[in-house]
Amino acid sequence: MPTSEEYKGQIPAWCPGCGNFQILSAIKQALVELGIEPWEVLVVSGIGQAGKLPHYIKCHTFNGLHGRTLPVATAAKLANHSLHVIAVAGDGDCYGEGGNHFLHAIRRNPNISMFVHNNQVYGLTKGQASPTTAEGTYTTIQPYGVLQESMNPLAMAISQNCSFVARGFAGDQEHLKELMKAAITHRGFALLDILQPCVTFNKINTFKWYRDRVYKLGDDYDPYDHIKAFEKSLEWGDKIPNGIFYKYERDVFEERIPAIQEKPLVRQKFSPEEVKHEIEKFY
Amino acid sequence: MGVKFLEYTLRIGGEAGQGLQTIGGALAKVFSRIGYHVFTHQDYMSRIRGGHNYYQIRFSDQKISASREMVDILLALDLNTIKIARKNVKDGGFILYDSEIAKQKLEEPEFIDIPFRKIALDVGKNSVMANTVATGAALGLLDLGLEALKEILRETFLRKGEEIVQNNIACAEAGYKYALTNCPRCEAFGIREPEEKRRILITGLQAIGVGAIMSGCKFYSAYPMSPSTGIMEYLASRAEEYNLVVEQAEDEIAAINMAIGASFAGVRAMTGTSGGGFALMVEGLSLTGMTETPVVIAEMQRPGPATGFPTRTEQGDLLFILHAGHGEFPRVIFEPGTPKQAFYLTNRAFELAEKYQIPVFIQSDQYLAESEWTFENFGLENLIYNDYRLREEDLKGVTDYKRYKYSSTGISLLAVPGEAGKHLVVADSDEHDEDGHIVEDSETRIKMVHKRLLNKLPLIKKEIEAPLLYGDSSPKIVLVGHGSTYGVIKEVVDTISKDKKVAMLHFSQIYPLPELEMFDYIGLLENADLTICIENNATGQFAKLLKAETGFGFSHQISKYDGRPFTIENLKEELNAYI
């Protein structure tokens with residue numbers, strides 16, 4: 001069994017008090033409790049404060065480009081589906097720059113988890129609006145306040161039949177860890193949106209602001225009801241529900257591709273001698 | 001002077017959607033199977049129905065490698081084709097048409113009216129088979145026999161049932177007989193039976209696809225874009241047989257990032273696109289440079305800027321591909337001149353990409369992509385496959401694996417994540433240390449620039465093979481080309497070499513430029529009186545590259561930028577101004 005110590009990586013370069021620390025601890029705990037060894041996990045990240053996360057864990061890492069987490073993660077899973085693949089991104093990374101990839105990852109349904117550190121602001125570039133920043137919020141480059149309506153990633157994912165849609169809160173590490181475990185063990189594309197206070201640039205959505213509003217979906221909540229789940233995902237304001245909003249059993253992408261049914265692509269031996277006859281088809 | 005060799009050019013013209021590719025493809029196969037050398041090229045509009053398109057086939061009992069402006073037979077499927085292409089029919093040539101379809105009877109001697117549609121209805125009970133009648137008629141005009149066509153019709157319609165096969169064969173026979181008996185001048189062709197020989201008939205796109213499969217490529221991700229889509233179509237058609245994963249990405253950004261993800265995870269991966277799509281891939285290209293992830297990229301050029309001519313040809317992206325990507329990192333660019341070279345260079349692209357952990361380009365264009373050539377063989381004995389990726393058993397004795405460990409060659413061990421025991425593989429787009437973790441210090445930065453760039457460059461340069469010299473070995477006139485102009489320049493050199501000391505210098509491995517130690521091609525150019533760089537672009541991009549890298553300037557440049565390839569006639573005409 002792995003230990004939390006084995007997952008200890010580099011020293012984080014985040015601001016003191018950042019909500020990312022609880023997310024980092026929750027991921028490590030989730031992996032340890034699931035008995036997954038560091039060499040069995042690939043964490044793919046983009047750019048942003050969230051993008052640095054895999055450096056602070058010990059595991060296979062691909063820290064790629066801003067917005068491009070999901071294409072890399074999807075293809076890595078197709079190449080070696082024996083790896084646990086977790087994609088990590090911020091709200092700007094996943095919902096802004098990578099919005100198109102997010103939409104299509106939901107359609108493909110690869111067996112990977114997508115953890116989005118949603119702090120409703122751009123942290124690394126110092127405080128500009130993100131797709132989830134509330135309408136009307138003033139920033140250095142939105143002097144009239146944000147003119148767009150904020151995006152609702154959960155509602156969008158549910159509307160597209162994403163096979164697992166959940167939301168957690170960095171301030172409730174225990175609950176977050178359980179959601180991460182559920183996402184990792186779910187078969188299919190699992191979106192876990194994580195409310196993460198940014199202590200430096202977001203003075204509105206603070207730990208206190210969230211604590212006053214969040215509540216957990218109860219045992220009587222049925223995540224298999226599509227319409228109810230959509231309705232629930234619209235709830236945002238004085239009350240913010242957390243938990244597993246939606247689950248939908250769908251065929252997993254890599255299980256539908258004939259080439260990788262017997263064994264992962266990466267373990268298939270190649271010899272040019274075995275394919276040379278291909279040229280005969282052109283005579 | 002030897003015996004004049006036999007060669008004919010046949011053009012099938014009509015609207016998009018009339019089945020030109022079916023007829024052209026079948027005839028090209030027939031000529032190839034009978035034993036002729038074949039060269040075809042396609043000229044079509046960016047539309048699915050209507051307009052004017054053509055498929056041109058040249059066949060000969062000698063090696064051929066380009067298209068002609070003037071044709072012997074025009075098979076016109078509509079009146080518009082006659083209006084547009086009549087001027088391209090040689091004196092003594094023929095125009096096959098159906099006066100019912102053209103709604104006009106044409107009395108001049110070159111016209112042969114064949115009721116394609118009526119025969120199809122009478123014999124095949126379906127006007128759809130008019131194309132089969134036309135294909136048979138073209139062969140009847142040449143009196144080349146029907147056996148090869150029957151075989152091809154059987155292969156093509158096998159899945160649709162025996163009745164369809166038999167009706168098509170009957171239509172081909174009827175068309176053949178009609179043309180043969182209604183062409184009083186056809187003995188003029190006097191076609192000799194060719195020497196029977198098995199030949200491959202293949203396009204540039206297919207050759208790249210075959211090259212990828214035989215190089216162990218297991219993953220191809222792309223977004224459809226003319227003229228590159230054929231690679232994906234071909235690989236998808238072989239996915240089941242060779243266990244390939246072929247994924248249509250949501251955009252080109254995803255396409256290259258997927259190829260990177262698959263390659264990082266341990267399989268040979270490739271992507272393909274054209275100029276506009278490649279523009280979207282540029283950030284990902286830079287990511288391959290920083291993460292040292294091997295990727296092969298096919299960039300099949302078409303005329304730009306922006307959407308340009310979607311279905312036509314140009315060599316306008318050379319300097320773009322050369323300079324694309326922010327930051328400094330090594331790359332290799334190959335630009336094949338023939339499908340056989342495309343096959344060979346795709347294989348080398350995979351070898352070099354993995355050996356040096358760099359991006360390697362197969363740069364080509366619509367002309368080579370969609371032209372069919374014949375070859376006796378593909379030189380499979382030259383195929384190379386070295387697996388540079390390391391798994392658990394390969395890493396025995398390595399106690400502290402570092403993905404970016406410094407080395408004098410710049411090459412660090414490329415471990416497969418998850419298959420390398422407990423070793424962890426960490427890749428980063430940030431500047432990183434040997435372990436792959438983010439750093440900001442200048443000392444590590446300098447070491448990493450040496451590792452991934454400066455140490456590798458001289459080694460990569462040594463891998464690049466010399467350009468091809470064809471013709472006189474100490475020429476006074478040198479025609480220089482790169483990529484798809486190979487065939488036409490070669491044929492032009494053949495026609496003018498009788499009384500001139502002329503040669504072609506052709507580059508198919510264009511970056512890094514080949515070293516001069518193995519072949520001093522700059523010396524050769526300097527000793528010539530006339531050096532002409534021939535390019536399918538407006539600004540002479542290869543000439544600029546050569547000037548920048550070697551200081552050599554050409555005495556003349558010939559540029560063609562109308563979206564069409566050079567034909568033998570128009571290149572000769574351009575050359576007449578200088579020779």
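Helices and strands are here DSSP runs, a helix having at least four residues and a strand at least two, numbered from the N terminus. The exercises below apply this to a predicted model.

**Exercise 1. Describe the make-up of chain A: how many helices and strands does chain A have, and how does its radius of gyration compare with the globule rule?**

Step 1. Counting the runs in chain A gives 8 helices and 8 strands.

Step 2. The globule rule gives 19 Å for 283 residues, and chain A has a radius of gyration of 20 Å, which is close to that value, so chain A is as compact as a globular protein of that length.

Step 3. Along the principal axes, the C-alpha trace of chain A spans about 70 × 45 × 40 Å, and 51% of the 283 residues count as buried.

Step 4. Taking the contacts in chain A between residues at least 6 apart in sequence, one finds that 70% of them join residues at least 24 apart.

**Exercise 2. Carry out the analysis for chain B: what are its helix and strand counts, and what radius of gyration does it have?**

Step 1. Chain B has 20 helices and 23 strands.

Step 2. A compact globule of 579 residues would have a radius of gyration near 25 Å, and the 26 Å of chain B agrees with this.

Step 3. The box filled by the C-alpha atoms of chain B, taken along the principal axes, is roughly 85 × 60 × 40 Å, while buried residues make up 54% of the chain.

Step 4. Among the contacts in chain B between residues at least 6 apart in sequence, 73% join residues at least 24 apart.

**Exercise 3. Into which domains is chain B divided, and how many residues does the contact between domain 2 and domain 4 take from each?**

Step 1. The assignment divides chain B into domain 1 (7–188), domain 2 (202–382), domain 3 (389–461) and domain 4 (464–576).

Step 2. The C-alpha centres of domain 2 and domain 4 of chain B lie 25 Å apart, and their contact takes 24 residues from domain 2 and 21 residues from domain 4.

Step 3. On the domain 2 side, the elements that give two or more residues include α13 (339–356) and β13 (359–365) of chain B, and the residues of this side divide into 12 nonpolar, 8 polar and 4 charged.

**Exercise 4. Is Thr74(A) buried or exposed, and which residues does Thr74(A) touch?**

Step 1. Thr74(A) belongs to helix α2 (residues 69–79) of chain A.

Step 2. A residue is buried if 20 or more other C-beta atoms lie within 10 Å of its own; Thr74(A) has 31 within that distance and is therefore buried.

Step 3. Leaving out residues up to four places away in sequence, Thr74(A) touches Ala105(A), Arg108(A), Pro110(A) and Ile112(A), together with Met258(B) and Gly261(B) from the other chain.

**Exercise 5. Which strands pair with β4(A), and how many of the residues of β4(A) are buried?**

Step 1. Strand β4 (residues 113–118) of chain A is mostly covered, with 6 of its 6 residues buried.

Step 2. In a regular strand the side chains alternate between the two faces of the sheet. In β4(A), Ser113(A), Phe115(A) and His117(A) lie on one side and Met114(A), Val116(A) and Asn118(A) on the other, and both faces are covered.

Step 3. Strand β3 (residues 84–90) of chain A runs parallel to β4(A) and is joined to it by 5 bridges, Ile86(A) having Ser113(A) as its partner.

Step 4. Strand β6 (residues 190–195) of chain A is also parallel to β4(A), with 6 bridges between them, and here Ser113(A) stands opposite Ala190(A).

Key
Residues are numbered from 1 along each chain as its sequence is written. Chains are lettered from A and ligands numbered from 1 in the order in which they are written. This is a predicted model: local features need pLDDT of at least 70, side-chain atom pairs count only at pLDDT 80 or more; totals for chains, interfaces and linings use all residues. The radius of gyration is taken over C-alpha atoms; the globule rule is 2.2 Å times the number of residues to the power 0.38. A residue is buried if 20 or more other C-beta atoms lie within 10 Å of its own, exposed if 12 or fewer, and partly exposed in between; C-beta atoms are placed from the backbone. Two residues are in contact if their C-beta atoms, placed from the backbone, lie within 7 Å. Domain bounds come from an automatic or database domain assignment. Ala, Val, Leu, Ile, Met, Phe, Trp, Tyr, Cys and Pro count as nonpolar, Asp, Glu, Lys and Arg as charged, and the others, Gly among them, as polar. Two strands pair if DSSP finds at least two bridges between them.
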